[in-house]
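Please examine the sequence and the structure below before reading on.

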Amino acid sequence: MLDQFLLGLSVVLQPTVLIYAFFGVFLGQLIGVLPGVGAITAISLLLPVTFYLDATTSMILLAGIYYGSQYGGSIASILMNLPGTPSSVVTCLEGYPLAQSNRAGLALFVAAFSSFVGGMVGVAILVLAAIPMTIIALKFGAPEYAMLVILGLLAASMIGTGSQIRSFAMVVLGIALGLVGADATTGYYRFVALPELADGISLVSLAMGLFGVSEIIRNASKRRPANAPHLSISMRDVIPTREQARSLGMPILRGSSIGSFFGALPGTGAAIASFMAYAMERRFSRSPEKFGKGHLPGLAAPESANNAASQTGFIPTLTLGVPGDAVMALIVGALILNGIIPGPRLMVDQPDLFWGVIASFFVGNIILLLINIPLIKLWVLLLRIPYQKLYPIIVVMICVGVYSHRTSVTDVVLTLAFGILGYLMKNYRFEPAPVLLGFVLGPLLEDNFRRTMLLYGGDFSVFVTRPISAVLVAGSVFLIGFAIFSSVSNRNKSNRATT
Amino acid sequence: MAEFDDQTDQSTVNRLVRGGVLLIAGLVMLFFAWGYPTGTINQMGPGFIPQTVGVLISVLAVAIIVIDLRNPEQEDVGQMHWRGLIFISAAIAIFAILVDVAGLVPSMFLAVAVSICADDDARPIPTLIYASIATLFGWLLFLVALGLPIPAFWR
């Protein structure tokens with residue numbers, strides 16, 4: 001294991017790769033700081049760029065944006081009470097009160113340090129789990145893959161925020177969009193309304209439309225309160241006292257464990273992990289009344305949780321090739337577009353890519369810790385840029401990026417269509433993220449399901465007679481049962497409340 | 001009370017729209033997928049999954065309509081930003097129409113200028129200055145630095 005990790009390090013420490021790793025985490029942190037631009041938007045924006053890079057560097061770049069944004073997200077939360085990413089919503093609860101009582105520097109340091117420890121724990125678990133997971137994954141046949149994808153899609157729609165049935169409908173809609181184009185097995189054209197659609201809908205168009213254009217439409221004409229902070233941080237109030245530091249050990253450890261666990265599960269991710277860690281910390285605390293008023297453990301636990309989760313999220317993505325959430329789906333999509341099929345063969349066939357990416361997380365977290373506090377003045381400056389000055393440039397970057405990908409005007413028009421769709425969906429309480437997950441996983445599901453039926457002569461019992469597949473089926477049944485149970489009990493509760 | 005009834009009628013239609021559009025999408029899908037060869041269960045044709053997905057979407061859409069109609073007290077539809085919607089859409093559409101005909105520089109300039117108009121406070125002179133600077137940087141980034149194979153101007 002150590003040998004492989006060292007192999008990975010040797011890949012990352014090549015100067016060109018290191019530059020991309022730095023660029024990725026830097027950009028991620030910047031994106032996380034800017035409210036209104038999320039990691040998923042940034043990754044969709046950079047998708048076309050990755051076609052000019054090799055697979056390893058594009059993975060390192062895109063992954064860096066993702067976990068880098070987890071660091072950056074806490075900065076806007078602490079200083080302005082504006083969560084830059086969904087997972088830093090709880091960071092506002094403790095971080096902003098700290099900033100208001102002139103302890104912003106301390107809050108930023110604790111957030112950065114907890115993020116670092118959480119990230120490192122996540123990387124360690126990823127390294128430990130990679131080989132065993134791959135050994136299990138190599139036993140996976142078509143039925144296991146089909147069931148795993150179904151479990152992942154169900155989990156993504158059941159556990160997330162908002163209505164479960166709506167999320168599930170969006171997953172299915174994503175699968176439908178993934179069907180457009182030539183059928184992979186027979187070459188039969190499906191839903192090809194225009195000749196340009198023969199190759200299918202481009203992931204770039206879908207992601208940039210749903211997450212880039214729709215967000216710009218939503219935010220362009222919205223006023224944002226210009227309360228950019230004027231703060232002077234001296235190094236003296238940044239470092240916690242010995243007593244404070246001691247009170248943070250257990251919360252960071254608990255947060256990292258919760259984060260690592262929820263990150264590796266399909267469907268849950270950094271946002272849920274941070275909420276769970278905060279709730280858990282409050283329950284464990286001997287002084288729960290301090291929460292919400294700038295309590296350091298309440299800041300440290302969720303910060304370490306979301307960063308641990310953003311690292312362990314790569315376990316299913318890298319070993320099974322099955323992404324757990326929309327960001328991972330984009331990263332898998334980028335790999336596929338680069339001609340690499342993620343899955344258990346990845347570690348065997350391309351160890352330098354596999355371990356290089358993992359080692360880049362290790363290096364990236366160190367870079368993030370080092371640049372976080374010294375660059376705080378720059379981040380504060382960035383928070384003063386009004387969104388009105390930013391979005392026209394993003395519009396042009398989306399247009400040029402989509403167009404240059406396949407030199408296709410159709411792709412630009414599709415991006416616009418998905419942008420309007422994504423905007424309307426959000427307004428009508430439909431989440432766009434499951435669409436992307438369904439789009440990426442749909443072809444995988446269809447392929448493996450059809451192959452299973454072919455191999456086992458149309459016999460459905462194969463899904464429950466093979467042990468791993470049976471476990472996955474049980475998981476899916478449990479999720480559906482849980483969803484029905486919780487919606488029924490919710491209705492009972494609301495009925496009781498109204499009568 | 002009369003006022004309330006009127007509002008309820010309108011919001012019923014509103015609530016129908018959400019699942020309704022999805023139902024139409026499912027039915028349109030089924031309409032096209034119906035002609036695709038289905039094959040047999042152990043030798044599935046390309047039509048099997050599309051038909052299944054079409055049925056699933058339609059069923060889910062009906063379920064969403066029923067749920068939306070039964071729960072009248074759900075939060076309202078998010079506020080529409082017409083100005084943003086119109087100008088951002090126009091900016092991208094202009095880019096799509098012009099880029100093949102007029103080249104990258106004019107289409108970038110117009111895309112920036114039109115998208116700035118989505119902001120309520122946009123004023124003509126700053127818009128033109130901003131669009132010119134953004135186009136200059138775009139030209140430097142995309143054509144000089146990255147060397148994208150897109151013509152800068154019309155030929």
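On a 1 Å grid over the protein atoms alone, a cavity is a set of points where a 1.4 Å probe fits but cannot get out, and its lining residues have an atom within 4 Å of a point. Grid points are joined across faces, edges and corners, and a volume is the space filled by probe spheres set on the points. The structure is a predicted model, in which local features need pLDDT of at least 70 and side-chain atom pairs count only at pLDDT 80 or more, while totals for chains, interfaces and linings use all residues. Residues are numbered from 1 along each chain as its sequence is written, chains are lettered from A and ligands numbered from 1 in the order in which they are written, and side-chain values use heavy atoms, with hydrogens and water left out.

By the cavity rule, the count is 2 cavities of 30 Å³ or more. The largest cavity has a volume of about 60 Å³. Its lining includes Tyr66(A), Leu265(A), Asp325(A) and Met328(A).

Helices (H or I, at least four residues) and strands (E, at least two) are DSSP runs, numbered from the N terminus. At the N-terminal end, Ser408(A) caps α19(A), with a side-chain oxygen 3.3 Å from the backbone nitrogen of Thr410(A). Just after α19(A), Arg429(A) takes a positive phi of about 60 degrees.

A residue is buried under 20% relative accessible area, exposed over 50%, and partly exposed in between (1.4 Å probe, protein chains only). The buried residues of α19(A) include Leu414(A), Phe418(A) and Tyr423(A). Contact means heavy atoms within 4.5 Å. The buried residues of α19(A) pack against α8, α9, α18 and α20 of chain A, together with α3 of chain B.

Leu206(A) lies in helix α9 of chain A and counts as buried, at 0% relative accessibility. Not counting residues up to four places away in sequence, Leu206(A) touches Leu177(A), Phe418(A), Leu436(A) and Phe439(A). Although Leu206(A) and Leu436(A) are 230 residues apart along the chain, their C-alpha atoms are separated by 7.6 Å. Pro434(A), in helix α20 of chain A, is buried with a relative accessible area of 8%. Leaving aside neighbours within four places in sequence, Pro434(A) is in contact with Ser167(A), Met170(A) and Val171(A).

How are the buried residues of helix α17(A) arranged around the axis? In α17(A), residues 376-383, Ile376(A), Trp379(A), Val380(A), Leu382(A) and Leu383(A) are buried. They cover an arc of only 155 degrees, taken from the directions from the helix axis to the C-beta atoms, which puts them on the same side of α17(A). The face turned away from this buried side carries the exposed residues Lys377(A) and Leu381(A). The buried residues of α17(A) pack against α2, α4, α6 and α16 of chain A.

Chain B has 5 helices and 2 strands, running α-β-β-α-α-α-α from the N terminus on. Of its 155 residues, 40% are buried.

Notes:
Polar contact = N/O pair within 3.5 Å; in protein donor to acceptor, adjacent residues only side chain to side chain. 1 Å grid on protein atoms, 1.4 Å probe; cavity = no way out; pocket = protein on both sides within 12 Å on 5 of 7 lines; lining within 4 Å.
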